[in-house]
Amino acid sequence: MTSSGADTTPSPEATAALRRVLLLMILLNAFATPLMLSSANVALPSIATDLSLDAVILAWVPMAYLMASTIFVLIFGRIADSVGRKRIFLFGTAAVVVSSVYAAFAVNSTMLLSARFLQGVSAAMLYATQMALVTSAFPAKERGKMIGLVVSCIYVGLSAGPLLGGYVIDLLGWRAAFLLQVPLALVVLALGVFKVQGEWRGRTRVPFDLPGAIGWAISIVLFCVGVSRLPALSGLLILSASAVSFTLFLRHARRSANPIWDVNLFFNNRVFTVSNLVSLLMYSATYAIVVLMSLYLQTLQGLSATSAGMVLMIQPIIMAALAPVTGRLSDRVEPRILATAGITITTMGLFLLSRLDADSSLLYVIGSLVMTGSGFSLFSPPNVNAIMSSVSDEHAGTASGAVATTRLLGQLNSMVLVTLALALMMGNTPISPETYPDLAQAVELSFSIGVALCVPAIVLSLLRGRVHPRQHAADKPQHPTHKHPTHKQ
């Protein structure tokens, strides 16, 4: 860590105290952001009714957020390596507060979608920096444990969001769901400004890759717009343009001296590459669960927002409970073994969800969510540990950006698949009792695609390679060697 002032080496006690406050700041925000995200998903049926949104436009409410986050997470990951990871983290926290208030006062679909886009831009600053801060501030032997804590807080936020969101939606309306995290975000800002001194950044500053950033943004926007217009011919043409744009982006990134996304790392590091690809497939298969189940429970099952929230919180509660355990375990057991077992369990849960219909019992729903939650918590922390442990600290920001980017791309793909399923089964019609059978078919199709995506993820996860060095029984435990910035005040 570097900061202005005299070049002194802090005492172990001071370093430990700084790490505790930094970790608290990260954990609070890791809880607050998904709290807002999951509570907003519970609000979707109420938003559709209040603003008279059809099924495809409604799908854009979460997709606009994900599209913006996917576009900007790479940009802010690179900027954070140069100007400081804590600085970008705090800017993102402040921006989330402002954009959330804007979303709460939306009066039409245009205003709401623009607010969601701005929320996504703000959240991208957090996604690009939180894992990089953890990797930079803590030694390698503690990394899995700290990553597990961060992931656990994310899942606690995801689990609290449906319950708290459902309650405030029933009590105050859907607008209140966008304001749940604001008080916590203000506490994070206070901690970061007044208690966490100094800054973490990369060791060298590089020029910003503006052409690469523009090419990446164009590719993502065209992809989202194209899918939302399928099966029309214009959708196919826009998707073709997206493919061309993405190809040009990759070509530029491979040739550029300082690309916005160092894709060469994917060609030179097997563990890094395969772990990110597995993450992409898993999030593509699973992210839509919360959105689909929110619609399913409140329409086909007729539950209130509060009751639906109580069911939806089961999956992330399982994740929150198991993530710290699997994170610590991945410091000793090969991540590929844990992650592959998690993918297999998740696949079984998705298969059960693909069999849902309007007459399915809540016990069946709960059992399916317990299975998917258990599987994903066994997958996620070990997979992140594998990615971050496969690179040096010099590339921590890039690796953290890759973790966030593949996750967001997967989440975006998942919502794109939902949007496509809704467009094919329902078209531009509102969700109503007359269209409930079509909605049920869209839910079944989406979960079936998720099962299909998990199959190659299992194979790739097994083939990713080792993270921990091989050792004989008489050897002392070893950990991957990484260099970390020293703390100077």
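Author: Start with α3, which is mostly covered: 25 of its 29 residues are buried, meaning under 20% relative accessible area with a 1.4 Å probe and protein chains only, while exposed is over 50% and partly exposed is in between. Helices are DSSP runs of H or I with at least four residues, numbered from the N terminus.

Reader: Where do these values come from?

Author: This is a predicted model, where local features need pLDDT of at least 70 and side-chain atom pairs count only at pLDDT 80 or more, while totals for chains, interfaces and linings use all residues. Residues are numbered from 1 along each chain as its sequence is written, and side-chain values use heavy atoms, without hydrogens or water.

Reader: Where does α3 bend?

Author: At Pro62, by about 40°. That is the angle between axes fitted to the seven residues ending there and the seven starting there.

Reader: What caps the N-terminal end?

Author: Asp54 does, with a side-chain oxygen 2.8 Å from the backbone nitrogen of Ile57.

Reader: And what follows α3?

Author: Gly84, with a positive phi near 125°.

Reader: What is the phi of Ser52?

Author: Near 55°, which is positive in a residue other than glycine. Most residues other than glycine have a negative phi. Ser52 sits in the loop between α2 (44-51) and α3.

Reader: Is Ser52 buried or exposed?

Author: Exposed, at 65% relative accessible area.

Reader: Changing topic: which helix holds Leu210?

Author: Helix α9, residues 210-228.

Conventions. Helix = DSSP H or I, 4+ residues; strand = E, 2+ residues; numbered from the N terminus. Polar contact = N/O pair within 3.5 Å; in protein donor to acceptor, adjacent residues only side chain to side chain.
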